[in-house]
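This briefing accompanies the sequence and the model shown below. It is arranged by topic, for reading alongside the coordinates.

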Amino acid sequence: MRYSKLFPKTIKEAPRDEVAINAKYLLRGGFIDKLMAGSYTLLPLGKRVEQKITQIIREEMNKTGAQEILMPLLHPKSIWNETGRWDKADEVMYKLKKDDKEFALSFTHEEIFLDLIRKHTSTYRDFPVKAYHFSTKFRSELRAKSGILRGREFLMKDLYSIHTSQEDLDKYYDEVRDAYLKTFERVGLSAIVAEAAGGVFTDSTTHEFQVLCETGEDEIIYCSGGDFAQNVEIAKVSEGKPCDLGHGPLKRAKVIEVGNIFRFGTSYSEKMDVSFTERSGKKQFTYLGSYGIGVTRLIGTLVELFHDDKGIIWPKEVAPFDVHLVHIEDKETEPWVRDIYKRLADSGIDVLWDDRENVSAGEKFADADLIGIPVRLIVSKKTGEGRVEWKNRDSEKTETLEVSEALKKLKS
RNA sequence: CGGAGACUAGUUCACCGGUAGAACGCUCGCUUUGGGAGCGAGAAGCACGGGGUUCAAUUCCCCGGUCUCCGACCA
């Protein structure tokens, strides 16, 4: 991709009042655009990061046997009345009325998934079913804030699973838990699984995936040995107490919640009459689980965690491009950079080539730092024909390499 | 929804009771090219909306809107 063609360009100054680091850098870098508080467009760069994350999640979900679907966002009032959540979740739901019919914009999909299941299953042989989708969630937050971390409309991956027994649900629940940890690890985050309350979703205890971050809104009490973590909202112990397994005192820390998993048992199935015929011929209610990962929030979290005073430092796995190729303008060197770009692209490397003319070297460096692609390659008179200067975004060290060496290094 | 701050050029800001300035960005020309380049020329704003005070309001006052922060709230 030629940077000269990329829409839009970076912005030198962040909007005046913006405080959240993720908002500042994502807006300045041209990853997102704000329509209103809590409502953002993912621009091409942001969309690329989202696609990288989405693909990782998809791979991990598929490994658990889940299948990808896409459920609607506009829901009739009737389906929400079946579980009583039309009234119970009134605060978070966006509701609309048109020609005397009432609708809600989706803030979750348990009801929709259960409706699917009751229409398309009948016997125990049809279970379990595991389906997920990536789609927008609408939540009427009292106050949208912290940039992309708390929007009124955001992208989420939600997975639903339905089983014929609590044991089967529990087994899959643990599987998803591991898949989530793997997913977060792959995008560059180390998540802590914490016990929490279920809010409008369930009265039973749930698990949240929390990432340590000073700017987070949640707080957990946890053991650094990894055997205990609870959201402070339900924690019955306090920091400083020794943990049971002797890993030293419990700590209290600010965190960002990037995912969560719920076990509903038969509570929703009973209300919606989602049942199956078991071997004996008897009718039984099904067991529901639901599991979410906030995709847009994940992008914001990565920026909060991985940046310096010049810009973003994307983990390799989710960076919008593999390489930021910077050409320091010079007629003589133009064929060199053209050739190098082609060689990189032909080897399947995603390259953002800053081909702008009449833009100083300093400005190109500053933009490269802001955008945060992990590897910066420079082509100039100084590097020489067929050679590039390699610099990792997270280091000050540079080295000049033959293109073939750089290619080898990129492939490894 | 309560509290605080803000709203003036594309952006960041300044000024001011007498209808507006800078920087950056943008356009054109020349010159430049290893950390946000230089010179010259140019385009660009009825000052968030509405009301009030005043001879005169972008400026003071009131109402509304929007944004940011704090709080309450929260998969």
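Axes are lines fitted to C-alpha atoms, for helices over the stretch in contact, and angles run from 0 to 180 degrees between N-to-C directions. The model is predicted: local features need pLDDT of at least 70, side-chain atom pairs count only at pLDDT 80 or more, and totals for chains, interfaces and linings use all residues. Residues are numbered from 1 along each chain as its sequence is written, while chains are lettered from A and ligands numbered from 1 in the order in which they are written.

**Overall architecture of chain A**

- Chain A contains 11 helices and 23 strands; helices (H or I, at least four residues) and strands (E, at least two) are DSSP runs, numbered from the N terminus.
- The C-alpha trace of chain A spans about 80 × 60 × 45 Å along its principal axes.
- Of its 412 residues, 42% count as buried; a residue is buried if 20 or more other C-beta atoms lie within 10 Å of its own, exposed if 12 or fewer, and partly exposed in between, with C-beta atoms placed from the backbone.
- Of the contacts in chain A between residues at least 6 apart in sequence, 69% join residues at least 24 apart; a contact requires C-beta atoms, placed from the backbone, within 7 Å.

**Helix packing around helix 8**

- Helix 2 (residues 44-63) packs against helix 8 at an angle of about 110 degrees, with the axes 10 Å apart.
- Helix 2 is therefore roughly perpendicular to helix 8; angles under 35 degrees count as roughly parallel, over 145 as roughly antiparallel, 65 to 115 as roughly perpendicular and the rest as oblique.
- Gly46, Val49, Glu50, Ile53 and Thr54 of helix 2 make this contact with Val295, Leu298 and Ile299 of helix 8.
- The residues of the contact of helix 2 with helix 8 comprise 5 nonpolar, 2 polar and 1 charged; Ala, Val, Leu, Ile, Met, Phe, Trp, Tyr, Cys and Pro count as nonpolar, Asp, Glu, Lys and Arg as charged, and the others, Gly among them, as polar.
- Helix 1 (residues 21-29) also packs with helix 8 (residues 295-305), at about 100 degrees and with the axes 8 Å apart, and the two are therefore roughly perpendicular.
- In this pair, Ile21, Asn22, Tyr25 and Leu26 of helix 1 meet Gly300, Val303 and Glu304 of helix 8.

- An open sheet of 5 strands has the order 20-19-21-22-23, with mixed pairing; two strands pair if DSSP finds at least two bridges between them.
- Strand 20 (351-354) and strand 23 (398-402) are at the edges with a single partner strand each, so one side of each lacks a neighbour in the sheet.
- Strand 22 (residues 387-392) and strand 23 run antiparallel and are joined by 5 bridges; Glu389 has Thr400 in strand 23 as its bridge partner.
- Helix 10 packs on the sheet, touching strand 19, strand 20 and strand 21 (375-379), and its direction makes about 175 degrees with that of strand 19.

**The surface near RNA strand B**

- Of the 45 residues around RNA strand B, Arg16, Gly199, Gly292, Ala361 and Gly362 come nearest; a residue is near a molecule or strand if its C-beta atom, placed from the backbone, lies within 6 Å of it.
- Helix 10 gives the most to this surface, with 8 residues.

**Glu317**

- Glu317 lies in the loop between strand 18 (311-312) and strand 19 (323-327) and is partly exposed, with 14 other C-beta atoms within 10 Å.
- Glu317 and Val187 are 130 residues apart in sequence and 5.9 Å apart in space, C-alpha to C-alpha.

How values were computed: Two residues are in contact if their C-beta atoms, placed from the backbone, lie within 7 Å.
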